[in-house]
Amino acid sequence: MTATGLVCPLGAVGATDRAEVGGKGASLGELHRVGLPVPPGFVITVRAFERAMRAADPGDTIGARIATLSGADPAAIERATAAIRGQITTTPVAAELAAAVTAAYLALGADAPVAVRSSAVGEDAAEASFAGLQDTYLWVRGAGAVLDRMRRCWASLYNTEAVSYRLGQHLPAPAAMAIVVQRMVDPRSAGVMFTCSPTTGDRSVIAIEGSWGLGSVLVSGEVTPDSFVVSKVTGEIVRRSVAAKARLHRQAPDGLGTTAEDVAADLRERPCLDDDEVRSLARLGTQVERHYGTPQDIEWAVTGDAIVLLQSRAETVWSSRPTAPVATPKARPMDHVFEQLGRPSVLKKGS
Amino acid sequence: MGDDGFSFPLPSQIEDVPGAEGWRSMYQYFTRFQPEDDNRFWFHNAMHFPEPVPAFDSITSEIPYTAIGANTARLFVFPTTLGIEHRIVNGRVYITAIPVTDPAEIEQRLATFQQRAGYYYGNWDSLYEGWKARMAALISEIEGIKVPELPDIEDADVVFNSVGIAQNHYVRENFQRCIDLFSKAWHHHTEMLMLGYGAYVVFFEFCKQAFPEMPDQMVARMCAGIDVIMYRPDDELKRLAQLAVDYHVDDLLTDGADASAVLTAMAERGEGGERWLAALAEARVPWFHVSTGDGFYHHHRSWNEDLTVPFTALPRYVRLVRDGESLDRPTEELKLERERIAAEYRALLTSAEEQAAFDQMLGLARLVFPFVEDHKFYCEHWFTTQFFAKIREFGDLLVRQGVLAETEDIFQLHHTEIDQALTDVMLAWSAGSKPLGARHFAPIIAERKRMLEVLKGWSPPPAVGPVPEALNDPAVRMLWGVTAETLATWAAAENDHGQEIRGYAASPGVVEGVARVLHSVNEIGQVQDGEILVCAVTAPSWAPVFGKIKAAVSDIGGAMSHAAIVAREYGMPAVVGTGHATKRIKTGQTVRVDGDRGIVRILD
């Protein structure tokens, strides 16, 4: 692995590099490494972050300042974190890092639109809980803009919500943060996919949720997504629910950043994926799960003709839940019948 | 009710259908709803009785229900369920299963059940072989029953062999033997079936708990037999189509051709035609003893009695043979697929312990499944079509004796009334007078025929009475598909006149097409290529129709109902147990059948 540098191509990192490239970077690198479709990009490593933090916080006082805060005083948190964020975003980027990022960016194409995404380092469960608390910037163009968003991502470790959340949960600050920069995809539809049922934990199915445009519309809770349940065993779509999707997120008209708008009336109640796409996604999900050996929570996007994966992390809710066996073997197969037919099955009411 | 969020009308709230107020005269007193029946939950057994029941045909509820409960409640002593009670109102049959709810009683019954059911599960295959032999004996016995000729002068043998009993005696004895054999056949029918359902329900419940998202039909797919008798009549047709091409007589098998005209033409076609007719004759016994219905109505004739259904299917199969398509079911592929599905679910279980339990339950379900899938051919089809044929012969006798105007009129009389009519004939033959039955029965028969027509227009509510605390009967759940979800669906449908109809996702896939709503099996010939079949319930002999349609929708049925099994076999979407599809959908409407989700949507 080569992630000890300041910047590292996605294709050169893997699952063992979490400490240097964060959870998101490691997972995307790993997906790329095993041949799954991931948009090309690079990681700005933890080493770059650490150097930058030494420059922004030479006295190493941030940790101590956070420690004095109380979750009961939001105004104090807001004041203190704003100051910390200002420190991080205004400290000039070191020339060596700026050069490395600029070179890596240009390798994606001159003036290529990219996504700049936080990739925190921490435990699986912790990362999942922090998901959405750290910044992601879409439709960023130009090396200068990338460097600016990079610093804002670093600073987002100290977002008011993130700090309040950690104080409330008595969690330590994530040790460090890497940044993933990927070539932007312009999705027709996007969403998430769980390789077990999020509602029942059933591992025989893949649950897909999606909506028109960028997946951020799901995270923001602005739409009820379409949902599909696909059997891993037969590949059949066993359940399908098409929702009225009134809003979508997409590239802003000036090509920079994103905008929210209404979905055209005739598209709202149309499924955002056709059956072939649903089945293809489910196959990719099965591949990812098989690779990691545990259920995964995956972000995906569908462009005109391709499916890309934007993130995969371990599913934490059902995987960590202890499960009692549904049944254990008995002396004779027929003893199962005696057990079950020997107890009244109560008709559940109020369904 | 109240907090259930749904409710059904009470039995006492059902009003007589105007113009058919005399329906009670057709059925026995013990089939009528009583005031106290308002306190219990009943559902319309539209699976077996989708049409108003003629007087004689009420025997197909009376006798099965004397046998089912006898087996569950008294013979095997199922712990949590007694038998099934039935009521008839406006010509439709409602049933309820009586649960055992007292824990002490359940415990006590369980001990007996374990010994008795254990004997059957422990010796299943050999008992099933014995069962087939006993059923074959009953079939040959009913086929051998003679309907007395009642000659003017008794046969000389009766005198010279000193028999000492005249023919008129056998009029009633032999009629009664038919009824008794029908009863015995039904005792055998339920003898192994409830245990079969029991074993299947256990595996079903396990799958549903381990894999809550697993579609019902997947459970059936893991157990389904490959060489199932049910497919055999249709397989025979395919073989006959192939032979017709091989013998160069396939030009005679054309759409709309009359079966008897085809037979005549074949006989005139020399060796090819003769060989084909010989093959047909061989296939007819026993495979054409399959009923065009499912054996619950006298007008469900066998293919042997009415060649229309098989000869309607033949031209299509001939075309496929000519086009070089293989008509063989891919049995090896089906077997591999069944094993693959089971192995993959097994691999998803989290522990070796669970996998071992899964193996035990799947093994037991597969042990009982051949009986569950095949018993109908022996009982509802072969035996029952022969039973009705024999009753028809008694109808012929009553016509000859001047009691009935036509043979089929016998089915307008209850079996106890036929007993009266035959006694009348016995007396008249003995006395040398004329039977008095025509004067008595002619107006009754005319009135009943009229009422049945009126009753056809009635839409029975899918369920009546308060929603129950428990549904313990394995058959109610597996065969009729009656669960908490079904009840909610039925109740919602009663109050909903929208475009969406919900049922069980019985076979996957989504298609749109033109609906063909069949209210009776006799309308089967109306189905056009590419239509979507909408019916109350289907039977195995409908298989040829499944070759024409692109989806199936039924009012009643669960994952194990025929429509579900056959649709999966044909790889077409099916939604079963909708409760109301035949009422809500009209022939010619465009509908979308979503067999993945169990939803039928009317698109226009």
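**Domains and chain contacts in a predicted model**

Me: Which domains does the assignment give for chain A?

Reply: Domain bounds come from an automatic or database domain assignment. For chain A it gives domain 1 (7-183) and domain 2 (189-314). This is a predicted model: local features need pLDDT of at least 70, side-chain atom pairs count only at pLDDT 80 or more, and totals for chains, interfaces and linings use all residues. Residues are numbered from 1 along each chain as its sequence is written, while chains are lettered from A and ligands numbered from 1 in the order in which they are written.

Me: How many residues of domain 1 of chain A are in contact with domain 2 of chain A?

Reply: Two residues are in contact if their C-beta atoms, placed from the backbone, lie within 7 Å. Here 17 residues of domain 1 of chain A meet 20 residues of domain 2 of chain A. The domain centres, taken over C-alpha atoms, are 25 Å apart.

Me: Which element of chain A gives the most to the domain 1 side?

Reply: Helices (H or I, at least four residues) and strands (E, at least two) are DSSP runs, numbered from the N terminus. Helix 1 of chain A gives the most, with five residues. Helix 1 (18-33), helix 6 (124-130) and strand 4 (136-140) of chain A each supply at least two.

Me: How many residues does the contact take from chain B and from chain A?

Reply: Chain B gives 52 residues and chain A gives 37. On the chain B side, helix 12 of chain B gives the most, with eight residues. Among the helices of chain B that each supply at least two residues are helix 5 (167-210) and helix 12 (352-400).
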